[in-house]
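Morning, everyone. Please have the model up.

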Amino acid sequence: MQLSDLWPLHSPWALSFGHPWLLLLVLLVPLLAWLRGKRGAAAALVFSSTATLGSIGKRSSSRAGRLLRGLLYLALTILILALARPQLGKSLTEVEASGIDIMVVLDVSGSMLTKDFTIGGDSATRIDAIREVTRNFIESRPNDRIGIIAFAGRPYVVSPLTLDHDWLLQNLERVRIGLVEDGTAIGSAMASAANRLNDKKSKSRAIVLLTDGENNAGKIPPNTAAEAIKALGLHLFAIGAGINGVAPVPVFDPSNGRPVTDVVGNVIYRNQRVEFNEAGLKEVATIAGGQFFRATDTDSLEKIYTEIDKMEKSTVSVKKYQQYRDLFPECLMAGAGILLAELLLSQTIWKKLP
């Protein structure tokens, strides 16, 4: 992908108006109907005193008269809409991409429920903190194609590479613990991300790996995946998340490997000592020719993402096109047709006698 590559983003068909302020005239239609109903029709005969005809004047309008007036008001409304120039259109935005592709690889194993991070001063799980910081990172790079792979006992694609970051962030919010069998298949996740980045046209390709454990699942060893990453010319940023010490750790059911919950569905925690094998992930980063970072709290995680965010960025241009069809002729013909129908009916089968 070169700097000149264009990525189209389509919006759904939508109705708009060329002169929307003219729609205010529609408010005059019910006002006109009210005034006409209040005044009543002009009298056919004039008497010196109308007191004896009071009961006659209170009779309701005929059905034909109401229909004719309804047609007239409908015609006026449609003609006003025609003046406002209704348009059925679709916009096309072409974004000139920066040429940088990034796959974010997130560990969603059960241990990511450990509460040794904070968000806004409140205790938070590792997965919640990583999701929060990852969201900020994505928002800071609007012109990069970014994808997400989550993994536990096996990897799965949360989102392929995309420039539609709104859709990407929606999918990030759906990342949860327990969507696949538990475990930590780091090597398989790295290989899956490398396969998604196997596009030699990209200016720069990077993998951001976040994990809190050692590889204990999957068919591909992390070192083997790291060698493939280096051979493909990809950048690897390996982040080890979690503290070495005592932290609230979820209690797991040995029969199914899932966190134990109380009667209202909250995960049960117990303070335990947790350790992170820093040497193993450092070795993986070294083999891939990448960088290793250690994140023991939310602040350090944010600083790491800030460091990664210094990757080459390029200015981009955005071109917007709008394809629309003017509905003025259709509205004009419809209004004129209804007005003509009202005129013909009032002069033929529903003609008023003097």
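Leaving aside neighbours within four places in sequence, which residues is Leu-301 in contact with? Contact here means heavy atoms within 4.5 Å. The answer is Phe-117, Ala-129, Ile-130, Val-133, Leu-210, Ile-239 and Ala-295.

Some ground rules. This is a predicted model, where local features need pLDDT of at least 70, side-chain atom pairs count only at pLDDT 80 or more, and totals for chains, interfaces and linings use all residues. Numbering runs from 1 along each chain as its sequence is written, and side-chain values use heavy atoms, with hydrogens and water left out.

Now the cores. A nonpolar core is a set of buried Ala, Val, Leu, Ile, Met, Phe, Trp, Tyr and Cys residues joined through side-chain atoms within 4.5 Å. Buried means under 20% relative accessible area, with a 1.4 Å probe and protein chains only. The largest core has 38 residues. Leu-210, Ile-239, Leu-301 and Ile-308 have the most contacts inside it. Helix H4, residues 126-140, gives the most to this core: 6 residues. Another core lies apart from it, with 25 residues, among them Leu-161, Ala-193, Leu-234 and Ala-288. Helices (H or I, at least four residues) and strands (E, at least two) are DSSP runs, numbered from the N terminus.

Last, Arg-145. Where does Arg-145 lie? In strand S7, residues 145-151. Arg-145 is buried, at 11% relative accessible area. Its side chain makes a polar contact of 2.8 Å with the side chain of Asp-101. A polar contact is a pair of N or O atoms within 3.5 Å, where within protein one must be able to donate a hydrogen and the other to accept it, and residues adjacent in sequence count only if both atoms are side-chain atoms.

Note on methods
Buried means under 20% relative accessible area, exposed over 50%, partly exposed in between (1.4 Å probe, protein chains only).
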